[in-house]
Amino acid sequence: MKYGSRNLGMFPNVLGMFIKLGQIDRNFLRKIINFVDLIFNKLSPPPAIPYIPQNRWWGEKDNADDALRPFKVRYSNKMIEELINKLENRKNFTRSLRQSANRYGLNRDLLNDVLEYWHRSYDFRNREKVLNKYPQYVTNIQGLDIHYVHIKPSQPVRGKVLPILLIHGWPTTNREYFGFLDDFLKPKEEYDFIFEVIVPNLPGFGYSQGTNKQGLAPYQIGIIFKNLMSRLAHQRFYIHAGDIGLWVGSHMATMYQDDVLGLHTNFPQSLMPMTLIKYILGSLNPSAVVDLKYADRMYPVTKLLTRFLENTGYYHMHATRPDTIGVGMEESPSALASWILPNIIVATNPTFVDVPDGKLLETYDLNDILDILTTYWHCQCSTTAIRVYAEFNAIFQDPLNFILEWIPTKVPYGAIKFRHEIIYQPDDFLRDKYPNLVHSVTLDYGGHFASLENPQALAHSIWTAVRKMENFHLNKFWYLQNNDYYL
Amino acid sequence: MKFSTDIIRIMEKHKGLIYLCRIRTGTEPERKSGLKTEGGTGTGIRGEKTEVECRSASTSTTLEGRVRMIYTTKIIVARTHVQREGARTCHSTRRTHWKVLRVFAVTCAFLLALGAVMTSSWLSRVPRKPDIDTNKWWGVGAPPGGAADDTIRRFKIEFNNTVVQALRSRIRERRPLTKPLEGVQSEYGMNTVYLEKILEHWQGTYDFQKRAEMLNRFDHYKTQIQGLDIHFIRAKPAQRDFQGTVLPLLLLHGWPSSSKEFDKIIPMLTTPRKGRGFVFEVVAADLPGFGFSEGTTKPGLNPVQIGVIMRNLMLRLGFQQFYVHAGDWGAQCAMHMATLFPEHVLGFHTNMPLSSMMVSQLKIVLGAFYPSFLVDSKYLDRIYPLKNFFTYLIRESGYFHIQATKPDTIGVALTDSPSGLASYIMEKMAICTNRDQLNTPHGGLEGLNIEDVLDTVTIAWVNSCIVTSMRLYAEGYSTKSSEISILHEIPTIVPTGAINFRYEVVYQPDWILKDKFPNLVHSTTHDFGGHFVALEYPNELVDDIFAATEEFLRFHASK
């Protein structure tokens, strides 16, 4: 259809386009979408970042102290005994409905297998050593004791040393990166740099202290992490983040556009209003917004929405009533496992809920997962951890949570998209929030917990992305001369 | 410079627009500007983009060069626009334009009218009653070959010592609870400082034996229906020489209760009242999977099926015709029962009247534009503004969301940890009793008697039935069967009585309820009370049941 040569005015063409194959014409839809972009970019400039105090106090006591204290995980005998006791005396749980696999929640047989392993075969002392594999420290930032792993390259290195901050999500701790670090830290021939890795626990997660005050939203955690990096003498650094760590990472990239050198994530997403509008418009003809190869990761909307609703009950509880649900999780290790494992299964691959054993043991090393569960148990941090959902969603009390999501950032962005990631967005969508998308890989395998499931692919993606980001910074003067947009 | 900056932005992010403009220029000026295009029609945005970029890269033009190129194109765009505007003033083109507009307007009007007619006929359609198997087997395995067990066995509630001791020691040995945030009462969920107090009372001073005795003052029975052992209380009128009629009344509770919810109103219902020529013989049953009733191991036991089970229970007890009072999920079961079996149900009374019909929902949404037209101004704030209602719903429906999707996930926490169970159940009972008290440590719970609340928690604990009870949400919202959604659309002709309390989760005015219950013969609205009124305001509830039944009798007599 030639729009250039029409002589009938606008309307019949529009109707014709609707009628054609019962679908909106792809090119016409693209024009609409470009128009949406134009409206949002030209008519509603992104809100400015307001002044945010950088030293808000989150501690209970006034105990400012900037020492870096070495830290080791120690399980007391009493704690192990109590845990084993609780596992042994667990109640006889209600049998799963016939042939329901994991659809109503974690299958009872699978749960019992995991708990049995935790109770009888999990070697607490050995796993303690794994947790202490890397040098870790605790330091007090804005009143909270933040726990982090800090690995400097040991031997003298050829090229640059680039600091990178790895941020984890829920239901993990910084332990999620331990398996991945081995590969990640090795110097590589073809790259002229090496990483210095800092892996903190989010406040309230694991051995990082939780606050007793309201309002510790992801962007406030971002401020804490920025201060942590400053204390470690890294003014400028890279970030990799996954899961809800991305809230923190992306808000840091928005607030500190000059200091964050690049943001890499395996959970790439833009929550800009125009992205959502484009997503909905795209459902009229997916080929207008996404390569048809990947269309089934985004559409049909109803299917994804149903799946989303089916699997976000936990999110709803976390965001509205964290304290209620936290009581059970801190009191019973079985509850902890049963609350966390279904989320791991469904985020790995949504079809695994139809398999009785959820392919959990095939996909993951159970020890990795139990390390994390044991940390949650040891620190008794379930409630403080899930409160971050409530803080992020307290948009009426603290609108900054969403304002920051709606401000684009010039920080170069790298994305790796695994097959079963919860949200898939094509690069054009991501550019709404991150115009300088320099790296994007789409894979046809893998799920949400990349650092546990596909550590090598993730590590490779970070290395490649960082090289591109370095190049981006080198070439920036091209833009500096002519254009203030990229500054 | 500002202009070229904008162009760069557009170029980098909105190539399609440039493309659109360039197409309009026609091919001639573009050749002049040195930009090669595919004859002006173009084969795609991507092709155009690559070309421009390649060009600037291959000829190593500086960025200024690039800007100039686009700049030139922009000028041409503007000029061609002027040319086209000129063309439009041509007489014949304008006439076609108007003709087209007219055709379009008529088509739109026609489509709108057609849409309106179709919507209204679609909304007012009544689907056929689904075929329900009234003997479906819910027990373990296949139904046994011979005659099913239909004995009615006496039953006594016992909180035996081992269970109680184990429970007490679990509560005593609990880990310290995470303190609420500074300045927070119940906004983040159960206030753990308050919870500690309740837990202390539960394991120390709450008298399990006395509570069991109190419940045992009624006659308890169990009988097997469709493979499940159903527990119920049967209470006959206390006064033997009563002259009037004795009407059978089935009481159905909701989540997280059991028949215990009715222990205050049962004696009142079985006591004759002055001026009333009737009194009730009460059957208060535990829904399957709740309290002392057995839960199923098969998927699909939804409110419709529970309605069938409860109707079978009444038939077994020899009541061919009976009245029902119910709240919460019980009201859903009873409503479906009344829709399916109007020959058995003589009257339906509820403290959670709700029409889930499509047309009712639509009315409520449309009513948002002019609320006082829809609902009495006195009760306006119970529905509108819808924003408040939805905020409340989103804030409080986390439990609903998880129970309707992954009941077993949350179930383990509540089966294994008494503190977890108490926190979960009490938070919900509190909010449903008074939603405006989140700024207190109890969150509204103190509207109820704490012993009643602990009875509910204890019954859920000793029967380990919290998972089976929560699965009702999943079954009620399962997409696997359509019988629920069909039954929601069929009006219930049984005479109906409604009582609306202030803090009930949903409020609907009578004229909307009449979509679903055309024979709504009795309706009361109070400005107090919550969701668990049988515990909170037993007197008002019983008064209303008597008054409504009077209306039911009148309804049947006039027929």
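A word on the ground rules. This is a predicted model, where local features need pLDDT of at least 70, side-chain atom pairs count only at pLDDT 80 or more, and totals for chains, interfaces and linings use all residues. Residues are numbered from 1 along each chain as its sequence is written, chains are lettered from A and ligands numbered from 1 in the order in which they are written, and side-chain values use heavy atoms, leaving out hydrogens and water.

Let's start with charges. Side chains of opposite charge can pair when their charged atoms come close. Here, a salt bridge is a side-chain nitrogen of Lys or Arg within 4 Å of a carboxyl oxygen of Asp or Glu. Searching the whole structure gives 45 of them over all chains.

One of these links Glu331(A) and Lys86(A), with 3.7 Å from N to O. Glu331(A) sits in helix 12 (residues 322-331) of chain A and Lys86(A) in helix 3 (residues 77-88) of chain A, so this pair ties together parts 245 residues apart in sequence. Helices here are DSSP runs of H or I with at least four residues, strands are runs of E with at least two, and both are numbered from the N terminus. Both Glu331(A) and Lys86(A) are buried. With a 1.4 Å probe and protein chains only, buried means under 20% relative accessible area, exposed means over 50%, and partly exposed is in between.

Now, which residue of chain B does Lys213(A) pair with in a salt bridge? The partner is Glu182(B), and the closest N and O atoms are 3.8 Å apart. Each residue lies in a loop, Lys213(A) in chain A and Glu182(B) in chain B, so the pair joins two chains. Lys213(A) is buried at 19% relative accessible area, while Glu182(B) is partly exposed at 43%.

In chain B, Glu427(B) and Lys428(B) form a salt bridge at 2.9 Å, N to O. Both Glu427(B) and Lys428(B) are buried.

On to cysteines. A disulfide is a covalent bond between the sulfur atoms of two cysteines. The cut-off here is a pair of cysteine sulfur atoms within 2.5 Å, and the structure holds zero disulfides over all chains. For Cys432(B), the nearest cysteine sulfur is that of Cys333(B), 17 Å away. Cys432(B) is buried, with a relative accessible area of 9%. Thanks!
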